[in-house]
Amino acid sequence: MQVSGVPCGSLSDTELVRRSIAAPDYFACLYERYEARLLRYIRRLTHADAQEAEDLLQEAFIRIWRHLQEVDPELQFSSWAYRIVHNQAVTWMRRQHAFGSARSPASRIPIDTQWPDEAGGGEAQDANEAGIRTVLDRLSVEHREVLVLKYLESMSYDEISDVLKIPEGTVATRISRAKKAFSRAAEALHLTFTL
């Protein structure tokens with residue numbers, strides 16, 4: 001994608017944010033760069049179906065746009081964007097639970113056998129991913145969010161700290177506890193995974 005003859009891929013996130021504030025057309029570059037990643041994160045963190053996830057993503061991008069001038073140039077834009085999406089997803093999950101529409105594991109919308117971005121992995125990979133999703137669904141949001149960010153989104157402790165707005169030491173503690181909870185949930189389902 002290009003804006004005013006400048007390829008989006010040639011610009012850093014910081015430069016795209018700066019240009020988006022001055023010329024809103026550049027925001028399309030940020031949207032294109034992060035759309036798939038943030039949608040995948042929503043699907044991994046929540047029990048939202050495809051349409052609900054798309055709606056959450058759109059709401060999050062509206063918030064990102066409205067608050068773009070608040071981006072701290074010293075921090076990574078990606079962590080800031082993930083934090084906004086994370087907050088939208090958690091708010092949505094709380095609302096679902098508050099209104100009694102939270103889905104129990106047995107009544108949830110059928111989970112894809114593959115993560116939305118990981119097609120073509122073969123039957124073994126599909127079964128493994130479906131098993132991981134089943135185990136994650138049994139964890140608290142606090143445990144699920146750190147595992148998704150660390151192991152599925154491949155974020156560093158520093159990035160997770162930025163997304164969740166907690167100290168890095170707390171991130172390490174939560175990941176440790178979440179791994180234990182994941183192992184217990186996997187054992188209860190007679191599944192074996194190593195984190």
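Which backbone nitrogen does the side chain of Thr46 reach? The points below start there. Note that this is a predicted model.

1. **Thr46, the opening case.** The answer is the backbone nitrogen of Ala48, which the side chain of Thr46 reaches at 3.1 Å. Thr46 sits in the loop between helix 2 (27–45) and helix 3 (50–66). Its relative accessibility is 0%. Buried means under 20%, so Thr46 counts as buried.

2. **What surrounds Thr46.** Residues up to four places away in sequence are set aside here. Beyond them, Thr46 touches Ala89, Trp92, Met93, Arg133 and Arg144. Two of these names to look for in the model are Trp92 and Arg144.

3. **The disulfide.** The count comes to 1 disulfide. Cys8 and Cys29 form it, with their sulfur atoms 1.8 Å apart. The torsion about the S-S bond is about -40°, so this disulfide is left-handed. Cys8 lies in the loop between strand 2 (6–7) and helix 1 (13–22), while Cys29 belongs to helix 2; the pair therefore ties together parts that are 21 residues apart in sequence. Cys8 is buried, and Cys29 is buried too.

4. In one of them, the rings of Phe27 and Phe61 have their centres 6.1 Å apart. Their planes stand at 80°, so the pair is edge-to-face. This pair links distant parts of the chain: Phe27 is in helix 2, Phe61 is in helix 3, and 34 residues separate them. Phe27 has 12% relative accessibility and so counts as buried. Phe61 is buried as well, with a relative accessible area of 5%.

5. **The aromatic cluster.** Phe27 and Phe61 also belong to a cluster. Tyr31 and Trp65 complete it, and the four form one aromatic cluster.

6. **An aromatic pair inside helix 4.** Phe77 and Trp80 form a tilted pair. Their ring centres are 5.8 Å apart, with 40° between the planes. Both residues lie in helix 4 (residues 77–98). They are 3 residues apart, about one turn of the helix. Phe77 and Trp80 are both buried.

7. **Glu153, a buried loop residue.** Is Glu153 buried or exposed? At 9% relative accessibility, Glu153 counts as buried. It lies in the loop between helix 6 (141–152) and helix 7 (157–164).

8. Ser154 lies in the loop between helix 6 and helix 7. Its phi is near 55°, a positive value in a residue other than glycine. Ser154 is exposed, with a relative accessible area of 59%. Lys165 is found in the loop between helix 7 and helix 8. Phi of Lys165 is near 55°, also positive in a residue other than glycine. At 55% relative accessibility, Lys165 counts as exposed.

9. Helix 8 (residues 168–188) has 21 residues. From first C-alpha to last it reaches 30 Å, close to the 30 Å expected at 1.5 Å a residue. Its buried residues are Val171, Arg174, Ile175, Ala178, Ala181, Phe182, Ala185 and Ala186. They cover an arc of only 135° around the axis, which puts them on the same side of helix 8. The face turned away from that buried side carries the exposed residues Arg177, Lys180, Arg184 and Glu187. His190 follows helix 8, and its phi is positive, near 60°.

10. **Ala181, a closer look at the buried side.** Ala181 lies in helix 8. It is buried, with a relative accessible area of 10%. Not counting residues up to four places away in sequence, Ala181 touches Leu139 and His143. The C-alpha atoms of Ala181 and Leu136 are separated by 9.5 Å. Along the chain, Ala181 and Leu136 are 45 residues apart.

Technical notes:
Residues are numbered from 1 along each chain as its sequence is written. This is a predicted model: local features need pLDDT of at least 70, side-chain atom pairs count only at pLDDT 80 or more; totals for chains, interfaces and linings use all residues. Side-chain values use heavy atoms; hydrogens and water are left out. Helices (H or I, at least four residues) and strands (E, at least two) are DSSP runs, numbered from the N terminus. Buried means under 20% relative accessible area, exposed over 50%, partly exposed in between (1.4 Å probe, protein chains only). A polar contact is a pair of N or O atoms within 3.5 Å; within protein, one must be able to donate a hydrogen and the other to accept it, and residues adjacent in sequence count only if both atoms are side-chain atoms. Contact means heavy atoms within 4.5 Å. The expected span of a helix is 1.5 Å times one less than its number of residues. The arc is that of the directions from the helix axis to the C-beta atoms. A disulfide is a pair of cysteine sulfur atoms within 2.5 Å. Rings of Phe, Tyr and Trp (its six-membered ring) pair if their centres lie within 6.5 Å; planes under 30 degrees apart count as stacked, over 60 as edge-to-face and the rest as tilted.
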